[in-house]
Amino acid sequence: MVPSEDAAPQLDVDQILADHGVKIIVCCGAGGVGKTTTAAALALRAAEQHGRRTVVLTIDPARRLAQSLGLTELDNTPRQVKGIDVESSGGELHAMMLDMKRTFDDVVLQHTDPAKAAEIFANPFYQAMSSTFAGTQEYMAMEKLGQLHARGEWDLIVVDTPPSRSALDFLDAPARLSRFLDGRMLRLLLAPARSGGRSMFSLVTASFGMFSKVVQKVLGAQLLTDLSGFVAALDSMFGGFRQRAEQTYRILQARETAFLLVATPEPDAVREAAYFASRLRDERMPLAGLVLNRVHRPAVPELDAEQSRVAAERLTELGGHEATVDVLRAHAALARQAVREQQVAARFTEAFPAVPAVSVTAQPADVHDVDGLRTIGAAISRP
């Protein structure tokens, strides 16, 4: 059964976009399923059709979003998209891409004095952590989403998440940050700053003996000093960041947020969608529905694959027109593909029968401009 038409409730995307009680839409799913395109199409439709002042935030560093919106680049600052049809609706569309280092820098500048900020920026450990450390992107995604929400400038924030399961890692950010702050190693590193400023080595060596020698041997003296200085400098900031991350987490659980799963009718993509649905259910996050992209539908659905194959063989035996035979065979292949896709999609529907779904027919070409985004938005909203 096709989940969007028979087995699952129909997802009404326009109802979500028109609901001014919905302030945040989060698109998540595996890589390569069209999340970026879906997010941009939803944001464009919200602005053009529903008159909402919308910003779309991508955490995926790919340039597809900027290109499809006619922008030369995206960065950490929302940029207004020009040339869209909002004259009658009164909406606006802005787009941006998360820059985790700049977001981290902004947090430091906002919550410390200039001298302390300069000290933090000069610390080698901070320079590495703010640019490349695993987990920083998810922390900063929570921070940026919280900032956008707190500014109150947007009717709707559409979030395009990274591919694969890391798309939901930001849900774990508050808990992981709390574990880090409360960990034994961090308390050891903070001890010098909280005990009158004695050096990391003098305090730890005196207090922990062999332990400090092992740590020094593994990390190296300079790295340990950099790490100690980094933690001490950020000590006053961590509590505020944890509080903001937990506040954003609560926003994601609230009625004003709608999660949309995006998948294609392929086994891996549907498996990832089921994983996301389970996580969202466990975390009590509001799952609005499933967008099933790139679905294939035969032009003549009443003619199944077997009938088409038999007709092609019979016409060949009779010496029929080769072009007609080719069309029948192509139809048979497409009909078989459609059946396979229905079977794969049904795995999600059977596991989550109450989740509304909508199918989007595969497009003949990749989306690369605003007109293409309008087509996708209309297909999602009026299947």
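Visitor: What's the strand order in the open sheet?
Guide: This is a predicted model, and its open sheet of eight strands goes β3-β4-β2-β5-β1-β6-β7-β8, with mixed pairing.

Visitor: Which strands stand at the edges?
Guide: β3 (79-80) and β8 (357-361) do. Each has a single partner strand, so one side of each is left without a neighbour in the sheet.

Visitor: And is β8 mostly covered or mostly open?
Guide: Mostly covered: four of the five residues in β8 are buried. Its pairing is with strand β7 (residues 287-295), in the parallel sense, over four bridges.

Visitor: Let's go to β2. How many of its residues are buried?
Guide: Five of the six, counting residues 53-58, so β2 is largely enclosed by the rest of the structure.

Visitor: Which way does it run against β4, and over how many bridges?
Guide: β2 and strand β4 (residues 92-97) pair in the parallel sense over six bridges. Val 55 has His 94 as its bridge partner in β4, and Thr 58 stands opposite Met 97 in that strand.

Visitor: What about β5? How many bridges join β2 to it?
Guide: Five, and the two run parallel, with β5 covering residues 156-160. There, Thr 54 has Leu 156 as its bridge partner.

Visitor: Where do side chains point in a strand, as a rule?
Guide: In a regular strand they alternate between the two faces of the sheet.

Visitor: OK, packing. Which residues touch the most other members of the largest nonpolar core?
Guide: Ile 25, Leu 69, Leu 252, Phe 259, Leu 261 and Phe 348, out of 83 residues in that core. Helix α3 (residues 35-50) gives the largest share of this core, eight residues.

Visitor: What does Ile 25 touch, not counting residues up to four places away?
Guide: Ile 16, Leu 17, Leu 42, Leu 156, Ile 157, Val 158, Val 159, Ala 258 and Leu 260. Leu 156 also came up as the bridge partner of Thr 54.

Visitor: Helices now. How many are there?
Guide: The chain has 17 helices, along with eight strands. In α3, 13 of the 16 residues are buried. Its end C-alpha atoms are 21 Å apart, which agrees with the 22 Å that 16 residues should span at 1.5 Å a residue. Just after α3, Gly 51 takes a positive phi of about 65°.

Visitor: What about α16, how far does it reach?
Guide: Helix α16 (residues 322-351) has 30 residues and reaches 45 Å from first C-alpha to last, close to the 44 Å expected.

Visitor: Where's the kink in α16?
Guide: It's centred on Ala 345 and comes to about 25°. Ala 345 is one of the buried residues of α16, and others among them are Val 325, Leu 328, His 331, Glu 341 and Phe 348. That Phe 348 is among the residues touching the most other members of the largest core.

Visitor: Last thing, confidence. What's the mean pLDDT of the chain?
Guide: The mean is 81, and 76% of the residues reach 70 or more.

Visitor: Where does pLDDT stay under 50?
Guide: Residues 1-5 are one such stretch, and the model has 19 contacts for them beyond four places in sequence. Residues 214-219 also stay under 50, with eight such contacts.

Note on methods
Residues numbered from 1 in each chain as written. Predicted model: local features only at pLDDT ≥ 70, side-chain atom pairs only at ≥ 80, totals over all residues. Heavy atoms only, no water. Core = buried A, V, L, I, M, F, W, Y, C linked by side-chain atoms within 4.5 Å. Buried < 20%, exposed > 50% of the residue type's maximum accessible area, 1.4 Å probe, protein only. Pairing = 2+ DSSP bridges. pLDDT = per-residue confidence, 0-100. Contact = heavy atoms within 4.5 Å. Expected span 1.5 Å × (residues − 1). Bend = angle between axes of the 7 residues up to and from the residue.
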